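The following note sets out points for a colleague examining this structure. Please read each point with the model in view.

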Amino acid sequence: MRFLIQRVNNAKVSVEGCTIGAINQGLCVFVGVSNTDTKEIADKMIRKLINLRIFSDENDKTNLNLSSVKGELLIISQFTLYADCRHGNRPSFIDSGKPDLAEELYEYIIEKCRESVPKVEHGEFGAVMEISLVNDGPFTIWLDSEALGF
């Protein structure tokens with residue numbers, strides 16, 4: 001499982017010109033699922049995400065987590081996080097999770113995040129989406145379950 005996390009001042013996701021999710025200060029999280037991912041891996045990734053201390057304190061040091069700043073979450077499904085660009089110029093997505101598994105885990109992640117974050121917005125699985133965001137920093141973090149040993 002892969003999370004591309006961006007600390008944002010605000011972010012929104014639209015489908016066919018209609019905004020379906022929007023947040024203010026918080027994290028915009030792009031989620032990629034592989035065929036070997038499980039709910040147990042998702043739980044570990046969510047714990048890491050929720051507890052990341054990437055918000056500035058009064059001394060401008062990154063010591064605060066999402067709950068410390070009353071931050072919000074925007075979660076977007078992003079199968080292209082598993083793009084394999086090693087051969088040729090056209091990416092392969094063979095390592096991306098099959099749609100049924102990916103959608104199940106994506107919905108699971110949203111629900112689990114809602115247990116600890118008051119405002120969790122999300123995109124629409126499988127839809128063509130437009131994402132607008134103002135990256136705060138810029139501050140972008142890459143979490144890969146395999147690299148983390150999950």
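This is a predicted model: local features need pLDDT of at least 70, side-chain atom pairs count only at pLDDT 80 or more; totals for chains, interfaces and linings use all residues.

1. Serine 92 is found in the loop between strand S6 (72–77) and helix H2, where helices (H or I, at least four residues) and strands (E, at least two) are DSSP runs numbered from the N terminus. At 30% relative accessibility, serine 92 counts as partly exposed; buried means under 20% relative accessible area, exposed over 50%, and partly exposed in between, with a 1.4 Å probe and protein chains only. Leaving aside neighbours within four places in sequence, serine 92 is in contact (heavy atoms within 4.5 Å) with Tyr82, Ala83 and Asp84. Threonine 80 is twelve residues from serine 92 in sequence, and their C-alpha atoms are 9.1 Å apart in space.

2. Residues are numbered from 1 along each chain as its sequence is written, and side-chain values use heavy atoms, with hydrogens and water left out.

3. Aspartate 84, one of the contacts of serine 92, also takes part in a salt bridge with arginine 86, at 2.6 Å from N to O. A salt bridge is here a side-chain nitrogen of Lys or Arg within 4 Å of a carboxyl oxygen of Asp or Glu.

4. How many salt bridges does a search of the whole structure find? The search returns six. One of them joins the side chains of glutamate 104 and lysine 39, with an N to O distance of 3.9 Å. This pair links distant parts of the chain, 65 residues apart: glutamate 104 belongs to helix H2 (residues 99–114) and lysine 39 to helix H1 (residues 39–51). Glutamate 104 is partly exposed, with a relative accessible area of 44%, and lysine 39 is likewise partly exposed, at 37%.

5. A further salt bridge connects lysine 112 and glutamate 115, at 3.5 Å from N to O. Lysine 112 is partly exposed, with a relative accessible area of 27%, while glutamate 115 counts as exposed at 60%. Side chains of opposite charge can pair when their charged atoms come close.

6. Threonine 62 is found in strand S5 (residues 62–64) and is partly exposed, with a relative accessible area of 36%. Not counting residues up to four places away in sequence, threonine 62 touches Arg7, Arg53, Ile54, Phe55, Ser56 and Phe139. Valine 31 lies 31 residues from threonine 62 along the chain, and a distance of 23 Å separates their C-alpha atoms.

7. Glutamate 16, in the loop between strand S1 (2–15) and strand S2 (18–23), has a phi near 50°, a positive value in a residue other than glycine. Glutamate 16 is exposed, with a relative accessible area of 78%. Aspartate 60, in the loop between strand S4 (55–56) and S5, also has a positive phi, about 65°, although it is not a glycine. Aspartate 60 counts as exposed at 61% relative accessibility. A cis peptide bond, with omega about -5°, joins glycine 137 and proline 138; proline 138 lies in strand S8 (residues 130–144).

8. What pattern does the protein chain follow along the sequence? The order is β-β-β-α-β-β-β-α-β-β, made up of two helices and eight strands. Among contacts between residues at least 6 apart in sequence, 73% join residues at least 24 apart.

9. The radius of gyration of the protein chain, taken over C-alpha atoms, is 15 Å, which agrees with the value near 15 Å for a compact globule of 150 residues; the globule rule is 2.2 Å times the number of residues to the power 0.38. Along the principal axes, the C-alpha atoms fill a box of roughly 45 × 40 × 30 Å. Buried residues make up 41% of the 150 residues.
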